[in-house]
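Take a look at the model below. The text then walks through its helices, their packing and a few individual residues.

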Amino acid sequence: MGVSLRALPRLYAACEHALGPVTSGFRQRVSGSKNVGMALNERAMEARSEMVGVLASWADMVVGERSASAPRGRTVRDLAGFVAGHLDWLLAHPAVDDFVSEIVMVEEAALRAVEGGRTSRELGRCLEPGCDSAVQSGVLPGGDFAVSCGTGHVLTPQQWLLLGRRAAS
């Protein structure tokens, strides 16, 4: 989870570079009869907005429940650093499943915006006994996010943490 938090400021900046120009998306007519405007990558814009919102929400919870001093700023770098500084506490919190899900989801949304439609990423090997299939994160056809292996085992957010810890060691 710490790896994901540390990646968010870099992904936020990458989304800024991906904001435009794109071949499709919103085009704002500026003036005159020519269709002149700015191409806007809505996926990158939404990923950046969601990232700030999610990090700010978790930072606010930490400040409220731990009586901690607020982060020094509201940039993604400040917020991600603050949340990472309280990672052990968050991982022991009853809302850990929501925390892990939301951080992974904003990371995935940013990756999709930057990498142009990528919908999955290999995370390691399945944790189920006797299964050695690759585990991937991705967006399902209905738009839901899931982490599962090739044989169909769906991992919980707690198991995602185990995969991250296994990869870090």
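**From the whole chain to its parts**

In the protein chain, residues 24 or more positions apart account for 50% of the contacts with a separation of 6 or more. Contact here means heavy atoms within 4.5 Å. The model is predicted: local features need pLDDT of at least 70 and side-chain atom pairs count only at pLDDT 80 or more, while totals for chains, interfaces and linings use all residues. Residues are numbered from 1 along each chain as its sequence is written, and side-chain values use heavy atoms, with hydrogens and water left out.

The protein chain has 6 helices and 5 strands. Their order along the sequence is α-β-β-α-α-α-α-β-β-β-α. Both kinds of element are DSSP runs numbered from the N terminus: helices are H or I with at least four residues, strands are E with at least two. Of the 169 residues of the protein chain, 40% count as buried. Buried means under 20% relative accessible area, exposed means over 50%, and partly exposed lies in between (1.4 Å probe, protein chains only).

Now to the helix pairs. Two packed helices are described by the angle between their axes and the distance between the axes. The axes are lines fitted to C-alpha atoms, for helices over the stretch in contact, and angles run from 0 to 180 degrees between N-to-C directions.

Start with helix H2 (residues 42-66) and helix H5 (residues 96-115). Their axes come within 9 Å and cross at roughly 160°. H2 and H5 are therefore roughly antiparallel to each other. The angle classes are: under 35 degrees roughly parallel, over 145 roughly antiparallel, 65 to 115 roughly perpendicular, and the rest oblique. H2 passes H5 in a left-handed crossing. That term applies if the near helix is turned anticlockwise from the far one by less than a right angle; clockwise makes a crossing right-handed. H2 brings Arg43, Ala44, Ala47, Glu50, Met51, Val54, Leu55 and Trp58 to the contact, and H5 brings Asp98, Phe99, Glu102, Ile103, Val106, Ala109, Ala110, Arg112 and Ala113. By class, this contact has 12 nonpolar, no polar and 5 charged residues. Ala, Val, Leu, Ile, Met, Phe, Trp, Tyr, Cys and Pro count as nonpolar, Asp, Glu, Lys and Arg as charged, and the others, Gly among them, as polar.

Which rings pair up in the structure? The structure holds 1 aromatic pair. The rings of tryptophan 58 and phenylalanine 99 have their centres 5.3 Å apart and their planes at 75°, so the pair is edge-to-face. Tryptophan 58 sits in helix H2 and phenylalanine 99 in helix H5, 41 residues apart, so the pair links distant parts of the chain. Rings of Phe, Tyr and Trp (its six-membered ring) pair if their centres lie within 6.5 Å; planes under 30 degrees apart count as stacked, over 60 as edge-to-face and the rest as tilted. Tryptophan 58 is buried at 6% relative accessibility. Phenylalanine 99 is buried at 0%.

Next comes helix H1 (2-17). The axes of H1 and H3 come within 8 Å and cross at roughly 175°. H1 and H3 are therefore roughly antiparallel to each other. Leu5, Leu8, Pro9 and Tyr12 in H1 meet Val76, Arg77, Ala80, Val83 and Ala84 in H3. This contact of H1 with H3 has 8 nonpolar, no polar and 1 charged residues.

H3 also reaches other helices. Its buried residues are Val76, Asp78, Leu79, Ala80, Phe82 and Val83. They pack against H1, H2, H4 and H5.

Go back to H1 for cysteine 15. At 0% relative accessibility, cysteine 15 counts as buried. Beyond its neighbours within four places in sequence, cysteine 15 is in contact with Ala44, Ala47, Arg48, Ala110, Ala113 and Val114. Cysteine 15 and arginine 112 are 97 residues apart in sequence and 9.6 Å apart in space, C-alpha to C-alpha.

Is serine 67 buried or exposed? Serine 67 is exposed, with a relative accessible area of 68%. It lies in the loop between H2 and H3. Serine 67 has a positive phi of about 55°, although it is not a glycine. Arginine 72 is found in the loop between H2 and H3. Arginine 72 is exposed, with a relative accessible area of 78%. The C-alpha atoms of arginine 72 and phenylalanine 82 are separated by 8.6 Å, and the two residues are 10 apart along the chain.

Histidine 86 lies in the loop between helix H3 (76-85) and helix H4 (87-91). Histidine 86 is buried, with a relative accessible area of 17%. Not counting residues up to four places away in sequence, histidine 86 touches Val62, Arg66 and Ala68.
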